[in-house]
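Welcome! Please take a look at the sequence and the model below, and then let us walk through them together.

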Amino acid sequence: FHNDGSPFRLAHKRRVAAWVADCIAREGWHTGDIAYVFCSPEKHLEINRTYLGHNYATDVITFDYSDPEARTVGGDIFIDPATVADNAARYGATRSGEMLRVLIHGVLHLCGYGDKTPKEQHRMRAKEDECLALYSE
């Protein structure tokens with residue numbers, strides 16, 4: 001867990017890391033090197049523009065370095081906590097709950113789940129909900 005221009009500090013890092021590893025194992029993968037980087041909205045937008053060609057804000061960007069042959073998950077997951085907070089308010093969720101959803105969303109991308117089509121989005125949301133049900137504060 002790293003910060004790049006964001007004052008956000010994730011609570012319960014060890015619990016979150018164990019939960020993420022459990023969700024990965026339940027998908028039949030091994031946990032490799034995963035870096036969560038919490039960054040400012042400006043930095044997140046810069047990453048979006050530079051690497052994805054998107055000129056709009058998002059809450060999470062995932063760069064996948066997984067090894068499918070070894071079934072090992074790895075990658076960089078950039079999160080904009082300000083956008084996560086905005087989305088929590090928009091969807092009627094708590095900030096901590098929405099942050100957990102975004103944390104696991106990035107990992108599910110590393111496990112091979114997409115979210116481009118309505119069918120993929122439905123499947124992703126179901127997996128997020130399944131993983132969120134395993135987390136206890």
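Two strands are said to pair if DSSP finds at least two bridges between them. Helices (H or I, at least four residues) and strands (E, at least two) are DSSP runs, numbered from the N terminus. What you see is a predicted model, in which local features need pLDDT of at least 70 and side-chain atom pairs count only at pLDDT 80 or more, while totals for chains, interfaces and linings use all residues. Residues are numbered from 1 along each chain as its sequence is written, and side-chain values use heavy atoms, with hydrogens and water left out.

Let us begin with the sheet. Four strands form an open sheet in the order E1-E2-E4-E3, and their pairing is mixed. Strand E1 (2-4) and strand E3 (60-64) are at the edges with a single partner strand each, so one side of each has no neighbour in the sheet. From one strand to the next, the twist averages 25 degrees; axes here are lines fitted to C-alpha atoms, for helices over the stretch in contact, and angles run from 0 to 180 degrees between N-to-C directions. E1 and strand E2 (residues 30-39) run parallel, joined by three bridges. Asparagine 3 has phenylalanine 38 in E2 opposite it.

Now to the helices. Helix H4 (residues 95-110) packs on the sheet, where it touches E2, E3 and strand E4 (72-79), and its direction makes about 140 degrees with that of E4. Contact means heavy atoms within 4.5 Å.

Helix H1 (residues 13-26) packs with H4 at an angle of about 40 degrees, their axes 11 Å apart. That makes H1 oblique to H4; angles under 35 degrees count as roughly parallel, over 145 as roughly antiparallel, 65 to 115 as roughly perpendicular and the rest as oblique. On the H1 side, the contact is made by Val16, Trp19, Val20, Cys23 and Ile24, and on the H4 side by Leu100, Leu103, Ile104 and Val107.

H4 also meets helix H5 (residues 118-132): their axes come within 9 Å and cross at roughly 120 degrees. This makes H4 oblique to H5.

Finally, visit threonine 58, in the loop between helix H2 (41-52) and E3. Is threonine 58 buried or exposed? Its relative accessibility is 18%, so threonine 58 counts as buried (buried means under 20% relative accessible area, exposed over 50%, partly exposed in between, with a 1.4 Å probe and protein chains only). Leaving out residues up to four places away in sequence, threonine 58 touches His44, Asn48, Asp80 and Thr83.
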